Amino acid sequence: MSGFAAYLVFFLIVALTYSIVTMGLNLQWGYTGLFNAGVVGFFAIGAYGTAVLVGPDRAHLIGGFGLPFPLGVAGGMALSALAAFIVGLATLRLREEYLAIATFGIAISIQLVALNFEALTGGAQGLAGLPRPLFSFFGSPGAYNLFYLLVVVAMAAIVYVALEVAVRSPWGRVLKAVREDETAARSLGKNPAAIRLQVFVLGCTLMGLAGGLYVGFIGYVSPLDFLPILTFQIWAMLIVGGSGNNRGAIVGAVGVWALWAMSGLAISRLLPVTYQSQGGAIQVILIGLLIVLTLLFRPRGLIGETEAVSRHTR
Amino acid sequence: MLQALADGILTGSIIALGAIGLTLTMGILRFANFAHAELVTWGAYMALAVVTLTGPFMGPIAPFSFGLPLIFATIVAAALTAALALAIDWLVYRPLRRNTSHLTLVFSSFGVSLLVRMVVLLIFGGAAQYYSRTLQIAIPVAPGMRILPDQIFTLALTVVIVVGLHFFLQNTRLGLSMRALAENPELARVNGLDTRAVVRWTWVIGASLAAVSGVLYGLSVQLRPEIGFHLLLPLFAAVILGGVGNVFGAVLGGLVIGLAESFAVLVVPAGYKMAVPFIILLAVLYLRPTGIFAGTVGGVK
């Protein structure tokens, strides 16, 4: 494979992994109006959970169970779900900002655990040398990446189809009802609190899945992969793509990640070495501008939500 | 133990000053401004810029590590921070306030916080900076308890500001308007309150206090572009603990958070200190979501 094609494969693997996170967030915010400001935390739990479960046994570390990769990912997802359940129980009956602040807090706390609980997470150095699923079947890293791209495409497609089916089901219609008018939803005999908790846990589980996939591809985890900026990037992806629309979530994920990657490339090429650290600031400023300008001038995003009108009123 | 008490009160009073501004904007503008903590950063760096420009034309006033230049710089920084807050409100929040859900405001405050923090990083660089490198001698106040003169200044200033703000809110027309708007926006509007003026003053007061908080924070630790980001969780925890919209609640909440962080270090590894506000926050949300003093805007739906 030529350099560009190889880079494109790498780019798409990461972008589509993030698209799964964005779809999870879209389920929470786009459909149900739940404000998760700690996306990176649930992504990180999935990643670390998977890493600890699939990792090789190491004398000085807890974990290293050497489980098969699918089991490891399932474990990581379960841990993300559990964290979401605990935070959700405390905050989902409150105004949305409280959920935002609480999830923001859990993301910070998870980062602290990642950084400080060295016996489990390897601390700042992270966990290296994690097995990449089926790596030995492929002759070259290039072929393996192509295979992994297929895995991620398949997972993203499964998540997309499952979510599309879910939001078109009666359960999915209740989500929008909860988002739009909670009192009305309750008067129809629905339990908004239960719906919120279900959606919050489900969305965070998808973020955990993406975290596991990320670990399988990269082969190591470190706290640097889960900086708070990732939460803002995922939000930018959803806002730019258009919340309330799963296709929008995917388009936004690929688009914003492309902008991030290209601006990073441009900065590393154009700026002299002494200004490189400041260059990172420019990348983040672009994300901030993207969020603010989209909200101001195209609040529905690239592909907005399609209006749902009852067929009886047409 | 005593030292932890002293340190906790000092951190707490810095958090409190930031939390007052946050609770006012949350109470009156009715959205959680994630960019508020970045006003703290901005204020701290604006003061640094002024101090750097004026230079130490006068030595420090003993026994403090700073002199008149820093006091002058703080006033300029407060004005510049208020200007930034008003500019952000005018450019971003005001257009978004008109039609959409208040959560759109919160998202936009995400974007704004990234912009402010990164512009500071771009201008001033990421390395730690100091207002002054003058060394101070800690005064032993009690056995096992030493306080720097700067810290006494911090505490005294906080007390003066809080008392002043109390009289302002209780006895002035503008203070009354602010309380009215926080209490019941519809009723306030029906009574012909100029909400735009009140909103403007809310930003001016909140941002100025954030700037003062930033300068005091910069006096006690080093200046970094992330100081605001690290304060975000303590600020929100203080506001929610004290009840959103409640100024004294915010002060008390700030003190509780500061003390809790300070004492927690005695029990858990220092690396986890930043999680303390989160644990308190979660506990408050489970047990008493309206805060210790029920805020003017209850959190419960």
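**Two chains, their contact and their pairings**

Hi everyone, let's begin where the chains meet: between chain A and chain B there are 0 salt bridges, a salt bridge being a side-chain nitrogen of Lys or Arg within 4 Å of a carboxyl oxygen of Asp or Glu. Before going on, a word on the source: this is a predicted model, in which local features need pLDDT of at least 70 and side-chain atom pairs count only at pLDDT 80 or more, while totals for chains, interfaces and linings use all residues. Residues are numbered from 1 along each chain as its sequence is written, chains are lettered from A and ligands numbered from 1 in the order in which they are written, and side-chain values use heavy atoms, with hydrogens and water left out.

So what does join the two chains? The contact (heavy atoms within 4.5 Å) takes 44 residues from chain A and 45 residues from chain B. The area buried between them is about 4,200 Å², and carbon and sulfur atoms give 80% of that area; buried area here is the accessible area, with a 1.4 Å probe, that two parts lose on being put together, summed over both. On the chain A side, Arg95(A), Tyr98(A) and Ile101(A) lose the most area to chain B, together 15% of what that side buries. Four helices of chain A, namely α3 (69–91), α4 (96–116), α10 and α12 (276–297), each supply at least two residues of the side that touches chain B. The largest share, 14 residues, comes from α4(A). Helices, by the way, are DSSP runs of H or I with at least four residues, numbered from the N terminus.

Let's stay with α10(A) for a moment. Helix α10 of chain A covers residues 229–241, and 13 of its 13 residues are buried, meaning under 20% relative accessible area, where exposed is over 50% and partly exposed is in between (1.4 Å probe, protein chains only). Gln233(A) lies in this helix and is buried, with a relative accessible area of 4%. Which residues does Gln233(A) contact, leaving aside its neighbours within four places in sequence? Those are Val256(A), Trp257(A), Trp260(A) and Ile287(A). Just after α10(A), Gly242(A) takes a positive phi of about 115 degrees.

Now for the rings. The structure holds 29 aromatic pairs over all chains, counting rings of Phe, Tyr and Trp (its six-membered ring) with centres within 6.5 Å; planes under 30 degrees apart are stacked, over 60 edge-to-face and the rest tilted. Tyr93(B) and Trp203(B) have ring centres 5.7 Å apart and planes at 15 degrees, so this pair is stacked. Tyr93(B) sits in helix α3 and Trp203(B) in helix α8 of chain B, 110 residues apart, and both are buried. Ring pairs also link residues from the two chains into a cluster, including Trp29(A), Phe232(A), Phe34(B) and Phe236(B).

Back to charges, then. Over all chains there are 6 salt bridges. Glu38(B) and Arg117(B) form one of them, with closest N and O atoms 3.1 Å apart. Glu38(B) lies in helix α2 and Arg117(B) in helix α4 of chain B, so the pair ties together parts that are 79 residues apart in sequence. Both residues are buried. In chain A, Arg186(A) bridges to Glu182(A) at 2.7 Å. Arg186(A) is partly exposed at 47% relative accessibility, whereas Glu182(A) is buried at 17%. Together with Arg196(A), these two are linked in a network of salt bridges.

Terms used:
Expected span 1.5 Å × (residues − 1).
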